Amino acid sequence: MTIKTELMALNIGPHHPSTHGVFRMRVTLDGEVVKDIEPVFGYLYRGLEKLAEGRTYTQNIPLTDRLDYVSSMSCNYGYCLAVEKLASIQVPERANYIRIIVCELQRMINHMIAVGFFINDLGAFGTPIMYMWRERDKLLDLFEMLCGQRFLYNYIRIGGVSHDIPPEFIPAVNKFLDDYIGYHKEMEALLKENEILKARTIGTGVISADRAINTSMSGPCLRATGVDWDLRRDKSYSIYDRFKFDVIIGENGDNYDRYRVRMGELIESHSIVRQALEQLEDLQPGPVRTETPNLLRPPKGDVYVATEAPKGELGFYIVSNGSIAPYRWHVRSPDFINLTALREMVIGGMIADLIATFGSIDICLASVDR
Amino acid sequence: MGLKELKGKELASRIEDHFPGSVVERSDISVTINSHTIVNVMRFLKETPDFDLSYLNNITAIDCLNSCEVMYRITSMRKKHALIIKTKLCKQSDAELPSIAHLWQGARFFERDICNLFGIRFTDNSTAEQVAWWESFDKHVFEKNHTSLQS
């Protein structure tokens, strides 16, 4: 005999520890089974796109820091590439290498936080995140050495980077890279074959490759479904074609695959930084920034430039009318779009898996709401 | 080999062959399509194997004072090429554009965002709820003539 149950509406957030910021989900439940979910955005909306229309191109770089504050360097980078394309600015060779090094280190920071908090959301409170936090802190020390900031860097500038790397930076990065492999193995030993982790993540939060493409997902979430697409390789912007790296893909598009893709990308980023440092050593010292006017006036026109940020495709669409401020400044935020696919991934699953799936998407609410 | 930008001028003639009168403007990097045929053209670009533009990267709008422009960025992962499609709308209080959410589910939230910020309504988009604002808020703050919330 089937027992008729009533549906229950449950409000999760905006101030819930597992929403990673201020985000709300209206969930319709049948017992513990998720029947429907509607995301509610906007609690951290600051109108950055509108603010940018009243500021110069250079003044907008710090705004990009505040998009995805977990990976500010990557946001700086995406924006500067877009302005450089719009204004046809060439970047010195040395600056290109420095940008790749800091962006890949930033990807490592992002993935450490993503995996750490994901495991935290699964209920392994404290230990895994602290292992990740420890390594991340070393990288923040390196960024502090580089530009004096640990979080919001404003380091990558239009035409290059704000200043050259200090002499003690490269040995410090090399030391980090040497030590990191051992720590990575430690993390893998702790988590990879963990029975509870696998029971909670394999087969939960599944999305197929076709659905992921249809919902415009990108980044590790898309690759976890088996779609072999990485803008670093497939668009090969900047100097990414000079490095050998694998694009890590999953098979099933479940929570476990998303976690595995990020762990794999940590090693690939490690390898790219190593290669970039070796190639940088062979370069003669030179300028790290092309002189550009502070009041830059790109020619009239528009440009869409996408980069592979740690969370996915970060696109900047900039329209110039020839003045000192952009006429339109739009950010294609990867976590906003990945988050809209949450509904696809959780309907029919258990409510406990909803929290795990939400954590596996890896979002930063500042970037979602803009 | 990197991602190739399709030449707007070449593509425009292919679109014009299938949908006469649909191309309004063409440039090196984009094609502007008549707003009435935008859904058919997008379906054509998505489903024709030659183009295979099956991944929707982005949709956004630009307020051009007397008119509004909506920009679509689409990519083919298999053929490794991408394109910008635009469409223009007269700016009036009941500006409407057909939704492409039935072709790409990802379009749903892009369109909702544009609807809230620019006041462009998308017909057939199942939800027109606010994305970033509260429910009763009816101003469109990204319009160039928007001055303050009190006005």
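Predicted model: local features only at pLDDT ≥ 70, side-chain atom pairs only at ≥ 80, totals over all residues.

Trainee: Great. Is strand S7 (residues 312–320) of chain A buried or exposed?

Mentor: Buried: nine of the nine residues of S7(A) are classed that way, so the strand is largely enclosed by the rest of the structure.

Trainee: And which strands does S7(A) pair with?

Mentor: One partner is strand S6 (residues 301–309) of chain A, antiparallel over nine bridges. S7(A) also pairs with strand S8 (residues 328–332) of chain A, again in the antiparallel sense, over five bridges.

Trainee: How many residues sit between S6(A) and S7(A)?

Mentor: Two, and the strands form a hairpin.

Trainee: What does A:Ile318 bridge to?

Mentor: A:Ile318 is the partner of A:Val303, and in S8(A) its bridge partner is A:Trp329.

Trainee: Switching to helices: at what angle do H11 (residues 255–281) and H14 (residues 351–361) of chain A pack?

Mentor: About 25°, with the axes 9 Å apart. H11(A) and H14(A) are therefore roughly parallel to each other, since angles under 35 degrees count as such.

Trainee: Which hand is the crossing of H11(A) and H14(A)?

Mentor: Left-handed. H11(A) contributes A:Asn255, A:Arg258 and A:Tyr259 to the contact, while H14(A) brings A:Ala356, A:Thr357 and A:Ser360.

Trainee: And how does the contact of H11(A) with H14(A) split by class?

Mentor: There are two nonpolar, three polar and one charged residues in that contact.

Notes: Residues numbered from 1 in each chain as written. Chains lettered and ligands numbered in written order. Buried ≥ 20, exposed ≤ 12 C-beta atoms within 10 Å, placed from the backbone. Helix = DSSP H or I, 4+ residues; strand = E, 2+ residues; numbered from the N terminus. Pairing = 2+ DSSP bridges. Axes fitted to C-alpha atoms, helices over the stretch in contact; angles between N-to-C directions. Parallel < 35°, antiparallel > 145°, perpendicular 65-115°, else oblique. Left-handed = near helix turned anticlockwise from the far one by under 90°. Contact = placed C-beta atoms within 7 Å. Nonpolar A, V, L, I, M, F, W, Y, C, P; charged D, E, K, R; others polar.
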